[in-house]
Amino acid sequence: MTNVKYLILFFFGIFACNAQNIIYDNLNEAPVDGGLQMDDYWVWGSSVIKGDDGLYHMYASRWPHYLPFHPGWMVASEIVHATSKTPEGPYKFQDVALGSRGAQFWDGRSCHNPKIVKHNDTYILYYMGSTHPFEEVNHDNLEEFDLKSKWCIAARWGKRVGVATSKSPFGPWERLDAPILEVEPNSYYSFLTSNPSPLIKDDGSVVLLFKGRSYQEDGITHSDMSIGVATAPSFDGEYTVVGTKPLFSMEHLGEVEDPHLWSDNNGFHLVAKDQRGLITGGKGDGLLAHSKDGIHWEVDKSARAYTKTVKWNNGKTIKQGQLERPFVFTENGVPTHIFFATMDGPGGFSNGTKTWNMVIPLKQ
């Protein structure tokens with residue numbers, strides 16, 4: 001009877017571990033003074049790494065507040081570097097890691113969606129870059145600037161995934177003259193590649209999730225978002241997209257955005273924004289998926305990672321206007337914090353007045 005009792009407890013323990021959601025069930029209160037805020041700028045999408053100096057280094061996107069939030073990022077985003085003594089912050093601005101470098105470069109006008117990783121002694125910054133061949137958008141031509149303007153048509157079409165490297169989190173960063181992930185005709189990424197999320201394995205090889213869009217049949221408009229996977233023998237090697245079908249799309253599972261990838265002893269995990277709520281049941285909620293190899297993925301049985309409703313450490317519970325770009329920070333293979341880009345207001349990019357990068361500690 002004793003053996004039966006222990007067997008029941010053993011299997012109950014396995015079930016409890018499998019049933020627990022590694023993010024949703026472990027969210028603490030968010031510090032109101034955590035993360036990164038910057039006066040006169042829209043701030044968005046952070047990625048954090050702990051340096052050899054013991055500091056926590058954040059890389060984030062920013063662009064001038066006088067531009068509309070969307071699509072201002074397409075033509076004027078730069079990637080900035082900030083530091084903190086703790087993962088929660090607040091983070092202090094240090095420098096511009098990747099800024100404008102001229103229309104002739106593929107990433108000359110906009111650098112966005114940073115993801116920082118390290119292999120051996122090299123810091124590797126993955127990001128989206130774009131350019132356009134026109135004058136800069138400023139106060140004089142701001143009324144002409146929208147998604148249908150010449151700037152946005154060119155900048156959206158030119159979005160590509162790239163990488164920059166440095167021996168120090170403070171730079172300088174060495175950028176490439178070409179993206180690492182180009183478009184391919186007659187594919188789900190024939191229009192653009194964007195939103196990279198890398199994971200470097202122990203042997204130095206890379207698994208890279210990315211967002212793609214394809215041309216529609218009219219040859220002008222683009223499709224909904226798809227998430228694909230590419231691999232490379234090393235971060236500076238050749239990147240090859242795996243297969244011809246995406247991991248997530250409107251035709252398979254559902255449309256998601258902002259995938260973030262990490263690993264532990266159980267394999268690979270990703271968190272992403274469920275764009276339409278077709279997987280989690282909540283539009284804009286976070287979803288979780290898992291994989292043994294980074295190539296073949298399954299949605300977790302307990303799939304919802306978070307909602308837009310945040311409990312703050314000042315006693316308030318607020319449904320954020322936007323909650324995007326989830327980034328799970330790990331130490332020693334254990335998730336300890338989740339970062340978000342967030343916006344005030346009732347929802348919708350045109351209805352917010354302020355954005356910042358926030359952080360929620362996870363229960364250990």
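Colleague: Which residues have the most contacts inside the largest nonpolar core?

Modeller: They are Tyr 126, Ile 180, Leu 181, Val 206, Leu 208 and Tyr 239, in a core of 18 residues. β10 (206-213) supplies at least two residues of this core; its share, 3 residues, is the largest. This is a predicted model, where local features need pLDDT of at least 70 and side-chain atom pairs pLDDT 80 or more, while totals for chains, interfaces and linings use all residues. Residues are numbered from 1 along each chain as its sequence is written, and side-chain values use heavy atoms, without hydrogens and water.

Colleague: What makes a set of residues a nonpolar core?

Modeller: Its members are buried Ala, Val, Leu, Ile, Met, Phe, Trp, Tyr and Cys residues, joined through side-chain atoms within 4.5 Å. A second, separate core of 17 residues includes Ala 30, Ala 305, Tyr 306 and Ile 338.

Colleague: Why is Thr 280 called buried?

Modeller: Its relative accessible area is 14%, and buried means under 20% (1.4 Å probe, protein chains only), so the term applies. Thr 280 lies in the loop between β14 (267-274) and β15 (286-291), the strands being DSSP runs (E, at least two residues) numbered from the N terminus.

How values were computed
Helices (H or I, at least four residues) and strands (E, at least two) are DSSP runs, numbered from the N terminus. Buried means under 20% relative accessible area, exposed over 50%, partly exposed in between (1.4 Å probe, protein chains only).
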